[in-house]
Amino acid sequence: MNYESEITKRKTFAIISHPDAGKTTLTEKLLLYSGAINIAGAVKSNKIKKTAASDFLEIEKQRGISVATSVLSFDYKEHKINLLDTPGHKDFAEDTYRTLTAVDSVILVIDCVKGVEEQTEKLMGVCRMRNTPVIIFINKLDREGREPIELLDELESKLSIRVRPLTWPLGMGYKFRGVYNIHKSTFAFYQTNKTKIEEDVQLFNGLEDPALDDVFRDEAKVLRHDVELIDAIYDDFDKKAYLEGKLAPVFFGSALNNFGINELLETFVEIAPAPSKRESTTGIIQPDHSEFSGFVFKIHANLDPRHRDRIAFLRIVSGKFERNKFYHHVRLNRDLKFSNPATFMAANKTVVEDAFPGDVIGLYDSGTFMIGDTLTEGENFIFKGIPRFAPEIFRVVRNQDPFKTKQLEKGIQYLTDEGLAQLFTQDGGNKKVIGVVGELQFDVLKYRLLHEYGASVEFAGMSAYKAFWVKFSDESEIDELKRIRNNYLYFDKNENLVFIAESEYSITMARQKNPKAEFLSAIEQNERVLKLQ
Ligand code: G4P
């Protein structure tokens, strides 16, 4: 197979949702439909869920929260599909945002009872920023949910995206009959069958087909009315608008009952984009650029806590990656080769010989990678667009075991490299502050520092509003800041100057008094803004 077709057969995407909307269930069902797994019954399906690939961490098992991001690769027909799983819990949203930089499209799952929820809006905000194409799956139609038309309105108004239903449900909850495919004029009948993957589908000769009356009796009128209404309200599906991230096709179904998955998967492989270009410090890198390049968007602790090595997840942007070949680590200016690059299928890892744009490979790492690192075949550029957000919750690190100081420092360095939290060290002092996006990350840090590094730590409260990276071209531009706010100045691990403002007022004043300096609430991963001399 030639290089060109290796690229076009790939689809790299993520499923996103507010927790509990059905992301995990849909993931499993897509694997089931593609033949990647074989589940004999609903009980087993739940069991697979509980031991799914995303259960990397012990803490996750304890809390039942999907902390980790995992990668699932599977074949469907002539396509190679890479599904990047994302943590559902909002305290790990930053991890999800980074994963979204590594995909080319997403499927958004909505719970038909709850509609658009808080996390749905945030995640879609990130997709909209990057113009990521979105397909929407409205789930749990077997439940008494909200009116479909009302849900569509809410999607458009809250997510600022146009929608176009491609299927339409007849009934809901205990009256749910199935979904009508508007383009193919087929009706898929709903059955409460959690194991079978074939659907009972009947072809009609359009909405006027009298067979509709025979099959649905009075409900045929409802179906005709609804579909005509939909066709009148919504423009025809426009693939170009979908690929530009402006229009989202909508499907209805019930992941738990294996219903509506087929339509979703078939349409996904038909319309979802092949691996796309990425922006770098020297310009756009196209997937068909002949030389290999890729970036690390995720670093994960090893499954086995006895070994400290980690897995760096690398998304390939261009060229062909080959095992045991030297590649250039741009940040470190070092050439490295990888003898055991891995691909993933649920909990199983296999060694890959080669990989192509769109693929995500796992590289064993003993501390050489940070999130945002670029590997090339020798070229000197760094991929852009992997964000690092300013944390909003801060705590001071208090070492509880002075004999383990080294372990604590090492542990914090490693865990912050993974992107779990950010470390700030006070300017001229020794105070170490950890900043996170969600409270839960402190628990994870504490647990992992103890279990993986033997270091015992407490986090003391600290009143702070937000951190800002300070960018300036001459130190005189921040004289005022250093004079009045020196105690609030820290360095991040890249030696960037950071101002941890204690209130909104304080940052407003800092901006006013230091008008030439910039105070940034997000920077590029590994970016170096100017530091104090
Ligand atoms: P998440 O990954 O988005 O957090 O959601 P997940 O798939 O874990 O699903 C959340 C709950 O919703 C699960 O129930 C799941 O069985 C249920 N669910 C998913 N799809 C459907 C559907 O189409 N219809 C209905 N009625 N329920 C659905 P749970 O009780 O929390 O877990 P479990 O005991 O079933 O594992």
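Is T416 buried or exposed? T416 is buried, with a relative accessible area of 8%, where buried means under 20% relative accessible area, exposed means over 50%, and partly exposed is in between, with a 1.4 Å probe and protein chains only. Before I go on, please note that this is a predicted model, in which local features need pLDDT of at least 70, side-chain atom pairs count only at pLDDT 80 or more, and totals for chains, interfaces and linings use all residues. Residues are numbered from 1 along each chain as its sequence is written, and side-chain values use heavy atoms, with hydrogens and water left out.

T416 has its place in helix α12, and helices (H or I, at least four residues) and strands (E, at least two) are here DSSP runs, numbered from the N terminus. Leaving aside residues up to four places away in sequence, T416 touches A421, Q422, L423 and K493, and contact means heavy atoms within 4.5 Å.

Rolling a probe the size of a water molecule over the atoms shows where empty space is left. On a 1 Å grid over the protein atoms alone, a cavity is a set of points where a 1.4 Å probe fits but cannot get out, whereas a pocket is an open set with protein on both sides within 12 Å along at least five of seven lines, and lining residues have an atom within 4 Å of a point. Grid points are joined across faces, edges and corners, and a volume is the space filled by probe spheres set on the points.

The structure holds five cavities of 30 Å³ or more, and the largest cavity has about 210 Å³ of space. Its lining is made of 21 residues, with R388, T416, G419, Q422 and Q525 lying nearest the centre. The elements giving two or more residues to that lining are α5 (93–100), α12 (405–417), β26 (422–426) and β27 (432–436). By residue type, the lining of the largest cavity divides into eight nonpolar, eight polar and five charged; Ala, Val, Leu, Ile, Met, Phe, Trp, Tyr, Cys and Pro count as nonpolar, Asp, Glu, Lys and Arg as charged, and the others, Gly among them, as polar.

Turning to pockets, the second largest pocket has about 580 Å³ of space. It is lined by 21 residues, and R130, N131, S276, K277 and R278 are the closest to its centre. Helix α6 gives the largest share of this lining, three residues, and the residues of the lining divide into 10 nonpolar, five polar and six charged.

Next come the aromatic rings. Rings of Phe, Tyr and Trp (its six-membered ring) pair if their centres lie within 6.5 Å, and planes under 30 degrees apart count as stacked, over 60 as edge-to-face and the rest as tilted. The structure holds 24 aromatic pairs. One of them, F176 with F259, is edge-to-face, at 5.6 Å centre to centre and 90° between the planes. This pair links distant parts of the chain, 83 residues apart, with F176 in the loop between β7 (167–170) and β8 (178–181) and F259 in the loop between β11 (247–252) and α11 (261–271). Both F176 and F259 are buried.

F189 and F216 form a stacked pair, 5.8 Å centre to centre with 20° between the planes. Why does this pair tie together parts that are 27 residues apart in sequence? F189 lies in strand β9 (residues 186–189) and F216 lies in helix α8 (residues 211–216), so the pair joins those parts. F189 and F216 are both buried.

Two backbone details deserve a look. S185, in the loop between β8 and β9, has a positive phi of about 55° although it is not a glycine, and S185 counts as buried at 14% relative accessibility. R217, in the loop between α8 and α9 (219–233), has a positive phi near 50° and is likewise not a glycine, but R217 is exposed, with a relative accessible area of 63%.

Finally, the whole chain: its secondary structure comes to 15 helices and 33 strands, and buried residues make up 56% of its 533 residues. Among contacts between residues at least 6 apart in sequence, 72% join residues at least 24 apart.
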